[in-house]
Amino acid sequence: MGQLALACELLETKPLAMRLCDALGLPIETALSLLPQKAKDKINSITQDCLRKAQNVALQTLGDKPRRKASDIFHKGCVTAGGFVGGLGGLAGLAVEAPISTVVMLRSIADIARSQGALLDDPEVRLECLKVFALSGGTRLDGAVPGYYAIRTLLSQNLPEIAALLAVRGISDEAGTLLGRFTATIAERFSLRLSEKFAAQSVPLLGAVGGATVNYIFIGHFQDVARGHFIVRRLEALYGEEPVRRAYQRIRQGSCSTEETN
């Protein structure tokens with residue numbers, strides 16, 4: 001129960017915008033609303049580029065050694081350093097920095113998955129790593145969707161079928177079409193997080209140091225979500241999906257009740 005409670009805490013934590021606001025003292029949602037449509041369209045395009053490069057590169061540099069401790073600090077340092085570019089370069093800087101940071105973050109997510117016993121040569125595990133960008137934590141607090149399992153269910157449509165096709169046929173026409181739809185769904189949600197990141201980095205006077213701080217929070221957020229997600233998957237493999245789901249919901253409801261009485 002302790003591991004599941006930890007997973008619930010990680011998955012139902014503050015959303016990224018609130019984390020940025022707390023750390024920087026900035027109204028991120030206000031800054032986000034002020035972004036011009038041209039910038040939002042560009043970020044959507046950057047997001048597609050981010051995920052494409054991440055899929056092609058990130059998992060190739062990790063060996064398949066389950067239970068090896070994840071290198072969170074190393075990956076966090078790499079993404080934080082990249083934040084200097086985003087902090088100085090505006091939208092052009094984001095176009096250069098974000099794909100690189102996303103590759104490193106997906107590598108970190110896969111590293112965390114491996115530390116929880118997942119096998120990275122399994123196509124479904126690789127898709128689950130990519131899914132972390134859309135799970136994105138904080139769902140209970142921002143009111144977008146009622147919790148981790150609701151988003152996970154939405155994102156899991158056709159996922160076993162895609163994984164099976166990839167395992168047997170590789171990137172065939174059928175698998176490619178389904179994978180494209182899956183990636184588009186991930187990109188739609190991840191672009192919102194990338195927009196929040198850019199809005200924070202766009203605040204005057206933050207500069208390179210502010211950009212590094214934003215990136216530190218950014219990768220930390222997704223590392224938390226990844227750890228929570230793959231703890232849940234490990235427990236489901238041991239005890240079954242439905243018992244773990246019920247126990248998770250009890251923990252989550254207890255947390256909600258505690259917050260309401262405080």
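**Figure 1. Salt bridge between E97 and K197.** The side chains of E97 and K197 meet in a salt bridge, with an N to O distance of 2.9 Å. Because E97 belongs to helix α5 (residues 72-115) and K197 to helix α10 (residues 173-201), the pair ties together parts that are 100 residues apart in sequence. E97 is buried, with a relative accessible area of 3%. K197 also counts as buried, at 0% relative accessibility. The model shown here and in the other views is predicted.

**Figure 2. Salt bridge between E12 and R252.** Here the side chains of E12 and R252 form a salt bridge at 3.5 Å, N to O. The pair links distant parts of the chain, 240 residues apart: E12 sits in the loop between α1 (2-11) and α2 (16-24), and R252 in helix α12 (residues 241-261). The relative accessible area of E12 is 3%, so this residue is buried. R252 has a relative accessible area of 13% and is therefore buried, the cut-off being under 20%.

Figure 3. The side chains of K131 and E128 meet at 3.1 Å, N to O, in a salt bridge. Both residues lie in helix α6 (residues 123-135); because they are three residues apart, about one helical turn separates them. K131 and E128 are both buried. Together with R233, these two residues are linked in a network of salt bridges. The count for the model comes to 11 salt bridges. Side chains of opposite charge can pair when their charged atoms come close.

**Figure 4. The largest pocket and its lining.** The volume of the largest pocket is about 300 Å³. Its lining is made of 15 residues, and those closest to the pocket centre are R152, S156, R233, E236 and E241. R233 is also a member of the salt-bridge network with E128 and K131. Which helices each supply at least two residues of the lining? They are α6, α8 (148-155), α9 (159-169), α11 (207-239) and α12. By residue class, the lining of the largest pocket divides into nine charged, four nonpolar and two polar residues.

Terms used: Residues are numbered from 1 along each chain as its sequence is written. This is a predicted model: local features need pLDDT of at least 70, side-chain atom pairs count only at pLDDT 80 or more; totals for chains, interfaces and linings use all residues. Side-chain values use heavy atoms; hydrogens and water are left out. A salt bridge is a side-chain nitrogen of Lys or Arg within 4 Å of a carboxyl oxygen of Asp or Glu. Helices (H or I, at least four residues) and strands (E, at least two) are DSSP runs, numbered from the N terminus. Buried means under 20% relative accessible area, exposed over 50%, partly exposed in between (1.4 Å probe, protein chains only). On a 1 Å grid over the protein atoms alone, a cavity is a set of points where a 1.4 Å probe fits but cannot get out, and a pocket is an open set with protein on both sides within 12 Å along at least five of seven lines; lining residues have an atom within 4 Å of a point. Grid points are joined across faces, edges and corners, and a volume is the space filled by probe spheres set on the points. Ala, Val, Leu, Ile, Met, Phe, Trp, Tyr, Cys and Pro count as nonpolar, Asp, Glu, Lys and Arg as charged, and the others, Gly among them, as polar.
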